[in-house]
Amino acid sequence: MPLKSLYAVLIGINGYRRSPLEGCINDVLAVSGYFERLCKAQTEENGGPFEWNPLYLLAPLDEEEAAMLRESGITYQAPTRQNIINAFGHYQGASPENGDYGLLYYSGHGSYVEAPEVFRDISPLGVVQTMVCYNNRESGDHDLLDKELGYLIARALHKKTAFGRKEEDPPGVHFLSIMDCCFSGSNTRSDEQDIKARMDETGLAVSEESSILGFSREGNEFYVPFEAGQERVRAGGLTHGRYVNLSAARDSEKSHEKSIEVAEEGRASRKKKHGIFTYSLLKTLEQSGSKISYRELIRRVEMEVRSNIEGQIPILGMSQAQDDNQHFLRNEFNPPGREYEVGCREKDGRREWYLRAGRIQGIVPPDAKHPVSFKLTDGTERAVNALEVRSNESILDETAFSEADKENLLLKAAIQEMPFPRIILGFGRKLPVPMRAAIEEAWKINPPHYARMAKGREVAEFEIQPIGDGTGLQSFILTRPGSEIPLFLRSETARNFLADVDKVGKWESVLRMSNPHTGIPGEDIVIEAKKLEGTAFNLRTFGQIGEDQYEPLPDDPGAIEVRYKKVGDTLHQPAVKIRVLHNSDFDSYWVGALYLDSQFGITHEYLPAQQIGDESGLYHLDIGFQFRGQSFDAIPLSMNDRYHNFGITETTDYIIFYIARNSFSLEQYKQESIPLDTTRGPAFEDEGDIDTDDWFTIKIPIHISRPIEAARMPADARLELGGLILQTPAGFSATLQLANRAGARRRAEQIAENDPGLDQRIFLPPGTLWAGTEGSEAVFFRSPASRPDHHISILELTDIEGALDGTRPLRITPGHVLAENEAILPFGYDAEERRYFPAGHVDMGGDILITRLPAPTPGIIGGDGIQEEEGDSSVKVFFHKVIGTPPKGDLSGFRMRGEAY
């Protein structure tokens with residue numbers, strides 16, 4: 001049988017004339033390098049090495065970048081619209097009988113256009129997404145529509161993949177699409193000028209069906225034939241090829257590129273940019289290994305993305321629902337070994353030794369107390385220290401090498417010693433000099449163990465920022481780059497702040513711990529989970545709850561979602577049961593777990609390390625705890641009242657299972673939560689390294705949702721709700737419910753299952769509303785949330801009596817002070833005219849005045865997620881924070897602070 005091949009089309013566009021980018025070529029080269037190494041690393045035992053067959057379509061930024069590509073020996077075509085279309089012919093060589101692979105990678109601008117009339121019924125947000133090809137707008141061509149891309153993939157995979165493959169059928173072509181671009185959303189607020197969105201303004205509208213590539217009313221590989229009298233593509237009218245898609249961001253967000261490192265070029269320094277999503281994806285694959293499901297992969301990539309920027313959440317898409325459980329590239333690729341190539345080159349008139357591995361491969365930079373060393377694998381047992389660790393390479397101490405080593409083209413090295421990873425901090429540009437000096441002084445007295453300051457022009461992962469309280473008093477907060485949202489509650493003193501930062505560093509490092517080279521079969525361990533919702537319990541009754549009251553979840557859950565649910569007038573906290581099952585006929589394992597709560601606490605006590613399997617006689621282990629002399633085999637989950645009162649309605653905890661061949665302990669990772677936040681233990685509301693030969697982790701996020709309960713507001717009243725102050729005018733009363741975008745997304749998805757033609761815009765304003773603006777969907781915040789869309793951004797009104805106008809507005813006072821150039825835009829949706837409109841404005845003091853309400857629309861967003869009555873409806877007012885420039889389009893009538901419209 002011939003060797004398996006990976007056919008790749010790799011597109012990177014920096015050289016846009018109107019809005020050039022800088023990181024796309026770097027992304028393509030990094031992606032190409034990873035997949036080429038992956039192909040070469042396959043051994044004869046698993047049919048390798050595999051053939052790497054790439055086709056490059058590149059638009060360099062300038063002649064310097066073009067020269068670099070020539071020196072690298074890479075030949076490429078210009079990524080014009082027609083060349084990209086033609087490039088799909090590259091996949092013709094992929095053999096389904098041989099089980100070949102297809103890869104489509106795109107790094108460049110994304111955009112959107114108004115949905116052509118024929119797609120109106122399958123474009124619930126009213127737009128179609130597009131790829132901006134090289135010079136297509138200058139030449140008068142429209143962008144490559146998402147439906148055109150779907151057609152190209154379906155045509156390329158026609159008869160090469162099967163959705164109902166039987167055992168005797170050929171394996172087919174496994175196709176993976178990776179898109180590092182964005183299609184909508186507002187720009188991230190940031191003082192970091194290095195961060196740039198990969199988003200262009202709306203493209204040329206498509207009005208004629210004949211200009212849509214592949215469209216056919218008669219039907220083809222992608223389109224189901226139209227019936228008599230049919231005018232639009234119906235739900236289910238597209239036949240997608242079988243593929244998995246990894247995308248950089250959701251529709252309401254933008255993907256971004258930023259400087260990942262500063263490279264020294266002669267006597268000058270040059271910032272090296274990458275797409276945050278691509279960099280995070282490759283780092284995750286390098287450090288977690290290729291033996292990972294797509295669902296687990298995208299979850300770990302999300303963790304890494306959010307360590308670089310706030311407000312960008314990558315998503316996983318697939319043409320068949322169960323494909324999220326598929327393993328990366330069919331689980332047929334073993335990760336490259338732990339030995340890395342060592343090379344020598346001339347640079348600035350001297351010799352420089354380097355290792356082909358860096359931070360992206362999990363190499364931790366050294367410091368004065370913690371060296372990084374490698375052992376040469378040439379039999380000499382020589383150790384060599386790393387002087388500097390970059391993204392994809394490490395610079396080595398030349399004194400360890402001999403003249404003869406220059407001729408050794410097979411020289412390799414393996415990691416010998418490395419410190420515990422630490423987060424990299426930087427000072428925000430707005431941090432006052434005295435506050436900076438206070439941090440520096442506190443650092444000298446008691447430096448953190450799990451954090452370090454960025455050196456020179458090194459790119460920071462977290463920023464120390466100031467925050468005011470409206471009285472002139474400023475406190476310290478820690479944010480992610482491009483964000484103003486604190487990761488924990490503010491600290492007034494530098495000493496307390498650094499103590500909290502250290503907890504963040506330890507928590508982040510533990511969360512990312514993984515072993516890409518494990519030989520333990522993942523199927524040897526099975527995770528069973530159940531959840532309890534809407535049942536009252538306390539310490540005395542918790543152990544008496546019957547098994548039948550818990551709802552079973554699918555085995556090996558990718559995530560566990562639990563809600564506070566109301567029974568009668570009481571909202572009850574949830575709980576989970578999780579069991580680890582031994583599923584091997586050959587091996588016994590040691591199993592332990594760490595629980596990481598959303599306030600950076602860590603506990604090992606729910607499942608101390610124990611042996612499981614034939615050697616122990618135990619074949620399952622339950623997470624649990626002991627409290628006041630009693631043992632419990634489930635965990636109650638809680639959200640702190642203080643956070644909930646600040647408007648946080650969703651948080652995410654993590655449970656990490658460690659599976660190893662030898663005994664180990666997790667006690668050294670225990671850490672109390674940051675003060676003032678919720679503590680772990682049994683949360684009843686009415687009262688270092690693992691020393692093993694082989695190990696791996698199973699990480700399960702636990703999403704906890706606790707809605708803010710609805711409140712009846714009489715006329716001319718004042719109420720504090722979710723961290724906001726609401727005031728009704730005389731003659732107006734209503735029942736008010738606060739909700740967030742995450743809940744709106746879930747509600748739209750739930751209802752769309754029963755009504756695919758639902759106009760989702762009644763629940764979920766599309767990100768295209770904010771194209772060209774700077775802003776955030778994290779509208780009202782006084783404390784951190786797991787995601788930006790977990791912050792309050794929607795107000796629902798029911799049982800309304802009276803009316804609002806310019807003289808009698810509903811006033812909302814945010815829980816934080818707005819900057820002078822900031823405004824919070826209230827807006828509604830007119831379902832009859834299918835457009836959004838301003839529902840009020842912000843006064844000079846920063847209060848939001850709602851002067852106009854939209855008509856009620858079906859469905860309820862807030863509450864505990866239960867639709868009480870069919871036909872329920874509410875008035876929905878949405879909010880978005882806008883900075884500097886008002887939006888265009890439907891909301892162009894909005895004016896910034898204090899101005900009428």
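Asn135 counts as buried, because its relative accessibility is 16% and the term buried covers anything under 20% relative accessible area, with exposed set at over 50% and partly exposed in between (1.4 Å probe, protein chains only). This residue belongs to a predicted model, in which local features need pLDDT of at least 70 and side-chain atom pairs count only at pLDDT 80 or more, while totals for chains, interfaces and linings use all residues. Residues are numbered from 1 along each chain as its sequence is written, and side-chain values use heavy atoms, with hydrogens and water left out.

**Overall dimensions and surface**

- The protein has 10 helices and 51 strands, where helices (H or I, at least four residues) and strands (E, at least two) are DSSP runs numbered from the N terminus.
- Its radius of gyration is 28 Å, close to the 29 Å that the globule rule gives for 901 residues, so the protein is as compact as a globular protein of that length; the radius is taken over C-alpha atoms, and the rule is 2.2 Å times the number of residues to the power 0.38.
- Taken along the principal axes, the box filled by the C-alpha atoms is roughly 90 × 75 × 60 Å.
- Of the 901 residues, 59% count as buried.
- The accessible surface comes to about 37,100 Å², and 46% of this belongs to carbon and sulfur atoms; such areas come from the Shrake-Rupley method with a 1.4 Å probe, and for residues only the protein chains shown count as cover.
- The mean positions of the 98 positive and 137 negative charges are 3 Å apart, with Lys and Arg counted as positive, Asp and Glu as negative, and His and the chain ends not counted.

**The closed barrel**

- Six strands form a closed barrel with antiparallel pairing, in the order β14-β15-β18-β17-β16-β19, where two strands pair if DSSP finds at least two bridges between them.

- Strand β3 (residues 101–107) runs parallel to β7 and is joined to it by seven bridges, with Gly102 standing opposite Phe175 in β7.
- Strand β10 (residues 244–247) also pairs with β7 in the parallel sense, over four bridges, and here Ile178 stands opposite Leu246 in β10.

**Backbone features in loops**

- A cis peptide bond with omega of about -5° joins Gly48 and Pro49, and Pro49 has its place in the loop between α1 (24–40) and β2 (51–59).
- Asn135 has a positive phi of about 65° although it is not a glycine, and this residue is found in the loop between β5 (127–131) and β6 (144–145).
- Asp716 likewise is not a glycine and has a positive phi, of about 55°; this residue is found in the loop between β39 (711–713) and β40 (718–721), and it is exposed, with a relative accessible area of 61%.

Key:
The place of a charge is taken as NZ of Lys, CZ of Arg, CG of Asp or CD of Glu.
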